Amino acid sequence: MRKALIIGGGIAGAVTAMALHKAGIEAEVFEAYPTGADDVGAFLVVFANGLEALRVIDAHDPVAAHSFPARRIAVFGHDGSKVGERPIAGSGTGPGPRTLRRATLYQVLHAEAARRGIPVHHGKRLVGAETVASAGGQRVVATFADGSRAEGDLLIGADGLHSVTRTLIDPDAPRPRHTGQHTVCGYTPATGAEVAPETYTMILGERAFFGCTRAPDGEIWWFANIPGTEGDRTALQAVTPDEWRDRVAARFPGDATPAAALVRATGDRVVASSAYDIATTPTWYDDTKVVLGDAAHAAAPNAAQGASMAIEDGIVLARCLRDHADPRAAFAAYEELRRERVEKVVAASAGLAARTAPGGPGRPAAGPGGGGAEDGGNWLTDYRIEW
């Protein structure tokens with residue numbers, strides 16, 4: 001049996017491991033962080049295309065059980081007037097989009113991977129990988145910061161935006177581009193604000209973009225895209241919840257919408273991240289290594305498709321590895337199937353970011369990153385993987 005080393009234990013890593021398991025390929029996951037508490041406060045949407053991809057590996061039900069639906073978008077201007085309302089693409093005939101915390105999705109997928117006997121090693125930060133000759137062909141040896149090593153037939157970089165694997169494959173690979181925005185998420189206890197259930201309420205503020213949805217217990221989950229300079233995780237975590245609330249509320253000072261009030265009513269459950277994208281990564285693979293998810297094609301959060309794209313990637317790659325004995329041939333088939341689609345998503349998300357930025361035309365968007373599939377955009381959510 002072939003063995004894959006998966007670098008990165010996030011959404012992409014866990015899904016890829018389960019897809020490889022289904023394809024009859026052994027996989028081990030190596031996660032840099034000592035625990036799985038990454039991005040504990042943020043939330044996300046898994047759209048119909050991501051949910052149907054999870055169904056391929058029988059992981060749909062546990063995700064659905066720990067999330068709640070959203071089927072409509074209602075868009076309001078800064079003066080409180082309703083701009084429009086429509087169904088979210090993909091929510092008509094198939095499964096509607098599901099909202100959940102990123103940490104919850106991580107926990108659900110890892111619990112399912114553990115149930116299937118897939119090993120996950122924490123505290124394993126990749127620092128190098130080399131291809132060596134063996135009796136059966138080529139092998140790859142990964143080296144970690146703690147001095148340990150692991151050997152397999154191939155190495156899959158699911159190690160995210162600042163991927164080490166990407167630079168091992170191509171030292172000249174492009175760096176992530178900061179979009180000039182921060183995405184801030186928060187949770188407000190049930191209030192008198194009129195936020196309809198199963199709906200994303202989007203507010204095109206004069207100085208920022210705001211979106212929110214109501215959880216089944218009445219709590220309001222909100223996000224805001226605000227201008228901001230690039231800052232690493234440590235710098236962002238150094239900003240207190242009070243400061244983030246003040247920064248976000250200050251972006252809606254005279255707006256006749258509930259945005260500022262919802263932000264100010266929030267407690268300490270506020271988290272922010274810098275928004276990045278990578279328009280294209282020229283080289284996705286070499287003889288034994290390949291990248292997927294954000295490591296290959298990071299999109300700004302505005303289309304809210306990051307999780308779904310990573311899920312699709314992992315399942316398509318596993319299918320290609322099942323169908324091609326030679327890793328390089330499998331990697332080439334995977335790239336052929338994925339590159340055009342994911343780069344289109346990156347471009348669409350960048351367009352949404354520009355339209356909803358202060359001074360932009362403010363065209364409605366559809367998810368907790370501030371965007372999603374638009375009318376006529378079912379190329380995005382109608383995508384299905386034939387296993």
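Helix 1 passes helix 4 with a left-handed crossing. The model behind this report is predicted.

**Helix 1 against helix 4**

Helix 1 covers residues 11-22, and helix 4 covers residues 102-115. Their axes lie 9 Å apart and meet at an angle of about 25°. That angle is under the 35 degree cut-off, so helix 1 runs roughly parallel to helix 4. On the helix 1 side, the contact uses Ile 11, Ala 14, Val 15 and Met 18. Helix 4 answers with Arg 102, Leu 105, Leu 109, His 110, Glu 112 and Ala 113. Sorted by class, this contact has seven nonpolar, one polar and two charged residues.

**Helix 1 against helix 9**

Helix 1 also packs on helix 9, residues 306-323. Here the axes come within 8 Å and cross at roughly 30°. These two helices are therefore roughly parallel to each other. The crossing is right-handed. Helix 1 brings Ile 11, Ala 12, Val 15, Thr 16, Ala 19 and Leu 20 to this contact. From helix 9 come Ala 307, Ala 310, Ile 311, Gly 314, Ile 315, Ala 318 and Leu 321. The class count is 11 nonpolar, two polar and no charged residues.

| Pair | Axis angle | Axis distance |
|---|---|---|
| Helix 1 and helix 4 | about 25° | 9 Å |
| Helix 1 and helix 9 | roughly 30° | within 8 Å |

Ile 11 and Val 15 of helix 1 take part in the contact with helix 4. Ile 11 and Val 15 are also listed in the contact with helix 9. An α-helix has 3.6 residues a turn, so residues three or four places apart point the same way.

**Helix 2**

Helix 2 spans residues 48-56 and is mostly covered, with eight of its nine residues buried. The buried set is Ala 48, Asn 49, Gly 50, Leu 51, Glu 52, Ala 53, Leu 54 and Val 56. Just after helix 2, Asp 58 adopts a positive phi of about 60°.

**Cysteines**

How many disulfides does the structure hold? The count is zero. Cys 185 is in no disulfide. Its nearest cysteine sulfur belongs to Cys 212 and is 12 Å away. A disulfide would need the two sulfur atoms within 2.5 Å. Is Cys 185 buried or exposed? Cys 185 has a relative accessible area of 6%, so it counts as buried. Cys 320 is buried as well, because its relative accessibility is 4%. The cut-off for buried is under 20%.

Note on methods
Residues are numbered from 1 along each chain as its sequence is written. This is a predicted model: local features need pLDDT of at least 70, side-chain atom pairs count only at pLDDT 80 or more; totals for chains, interfaces and linings use all residues. Side-chain values use heavy atoms; hydrogens and water are left out. Axes are lines fitted to C-alpha atoms, for helices over the stretch in contact, and angles run from 0 to 180 degrees between N-to-C directions. Helices (H or I, at least four residues) and strands (E, at least two) are DSSP runs, numbered from the N terminus. Angles under 35 degrees count as roughly parallel, over 145 as roughly antiparallel, 65 to 115 as roughly perpendicular and the rest as oblique. A crossing is left-handed if the near helix is turned anticlockwise from the far one by less than a right angle, and right-handed if clockwise. Contact means heavy atoms within 4.5 Å. Ala, Val, Leu, Ile, Met, Phe, Trp, Tyr, Cys and Pro count as nonpolar, Asp, Glu, Lys and Arg as charged, and the others, Gly among them, as polar. Buried means under 20% relative accessible area, exposed over 50%, partly exposed in between (1.4 Å probe, protein chains only).
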